[in-house]
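Reader: I'm new to looking at protein models. Could you show me how to read a few features?
Author: Happy to! Let's open it up and go step by step.
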Amino acid sequence: MKLILGILYDWGITNFIQKNEIILFSFGLIILLLLAIMVIVAISKSRRLKTLKRMNEVSEETNQLKNAFIANMTHEIRTPLNAIVGFTTMLAEMDDLDRETRMTFLKEINDNKDSLLQLVNDLLDYSKIEANTLEFNDVEVDVNALISELCIAQNLHSHPSGIQVEFVEKLPQCRLVVDRTRFAQVVNNLVRNALKFTEQGSVKVGCRRLSNQSFYFYVADTGCGIDEEGRRAVFERFVKMNYNIKGTGLGLSITKSIVEHYGGGIGVESKKGEGSTFYFTLPAGLEYREYGKF
């Protein structure tokens with residue numbers, strides 16, 4: 001009897017499945033789709049939570065950078081302004097100053113004026129980079145001659161340590177199609193940065209060609225050097241290795257943007273206490289070959 005009932009039961013189920021095969025298949029497919037949707041929704045929700053968390057972190061980091069920037073700029077603007085006002089007032093009110101003292105005061109006024117002007121220029125360039133409106137006027141530039149001029153100009157300024165900037169390695173010919181002002185800005189930024197952190201020793205500039213024919217430029221100093229964490233952050237905006245030294249924390253960031261505009265790369269090799277070598281590369285395609293037109 002049980003055998004008969006079992007056979008009838010199996011036959012009934014089989015018969016039901018055969019008659020409703022399409023319906024059961026559709027029902028199973030719907031269940032699979034619902035499960036897939038639930039998995040996708042769960043993954044999407046997890047990603048949204050991660051994205052939201054990251055956005056909050058970025059927002060917090062941005063606020064911290066903004067606050068640090070405002071505090072830094074307030075200090076950087078106030079310091080040269082106070083010096084300019086103070087020395088100007090003394091020159092105007094003190095009639096018994098000898099010529100040497102007056103020249104010293106005038107030099108301080110001029111140096112602080114240059115610092116203030118550099119700060120304003122950095123801020124303007126940074127705002128143009130952020131808005132993607134920084135202009136480039138590419139012409140044929142004799143890079144050897146330009147770097148020599150920049151080194152001579154830097155050596156006309158009296159540096160506290162008495163260091164001279166040396167152009168120690170150059171190519172027989174190095175003429176590139178670049179913006180002369182922007183290229184000079186890149187080299188000057190690296191040289192000024194080296195001088196800020198070098199109390200004794202040397203600052204040397206050079207250029208050579210790599211095996212892939214790219215141009216390699218470097219500024220090497222014997223300064224305080226940079227640790228690993230500093231090397232990772234040094235080209236970020238508003239980053240300063242020493243907040244007791246003048247600067248906006250934008251110079252290296254601007255330099256990086258200019259180099260990358262020409263398809264080049266920038267980096268630093270350094271060890272704490274052993275000096276630094278900042279370098280940038282430019283592609284071989286920038287070379288100007290029609291030397292006879294110069």
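Reader: Is R180 buried, exposed or partly exposed, and why?
Author: Keep in mind that this model is predicted. Buried means under 20% relative accessible area and exposed means over 50%, with partly exposed in between. R180 has a relative accessible area of 35%, so R180 is partly exposed.

Reader: Which residue forms a salt bridge with R180?
Author: Here is the general idea: side chains of opposite charge can pair when their charged atoms come close. In this model, R180 forms a salt bridge with E149, and their closest N and O atoms are 3.0 Å apart. This pair links distant parts of the chain, with R180 in helix α5 and E149 in helix α4, 31 residues apart. E149 is partly exposed too, at 45% relative accessibility.

Reader: How many salt bridges does the structure hold?
Author: It holds nine. One of them joins the side chains of D125 and R182, at 3.5 Å from N to O. D125 lies in helix α3 and R182 in helix α5, so this pair ties together parts that are 57 residues apart in sequence.

Reader: Are D125 and R182 buried or exposed?
Author: Both D125 and R182 are buried.

Reader: What about helices: at what angle do α3 and α7 pack?
Author: Helix α3 (residues 99-130) and helix α7 (residues 251-261) pack at about 45°, and their axes are 10 Å apart. The two helices are therefore oblique to each other. Their crossing is left-handed.

Terms used. Residues numbered from 1 in each chain as written. Predicted model: local features only at pLDDT ≥ 70, side-chain atom pairs only at ≥ 80, totals over all residues. Heavy atoms only, no water. Axes fitted to C-alpha atoms, helices over the stretch in contact; angles between N-to-C directions. Helix = DSSP H or I, 4+ residues; strand = E, 2+ residues; numbered from the N terminus. Parallel < 35°, antiparallel > 145°, perpendicular 65-115°, else oblique. Left-handed = near helix turned anticlockwise from the far one by under 90°. Salt bridge = Lys/Arg side-chain N within 4 Å of Asp/Glu carboxyl O. Buried < 20%, exposed > 50% of the residue type's maximum accessible area, 1.4 Å probe, protein only.
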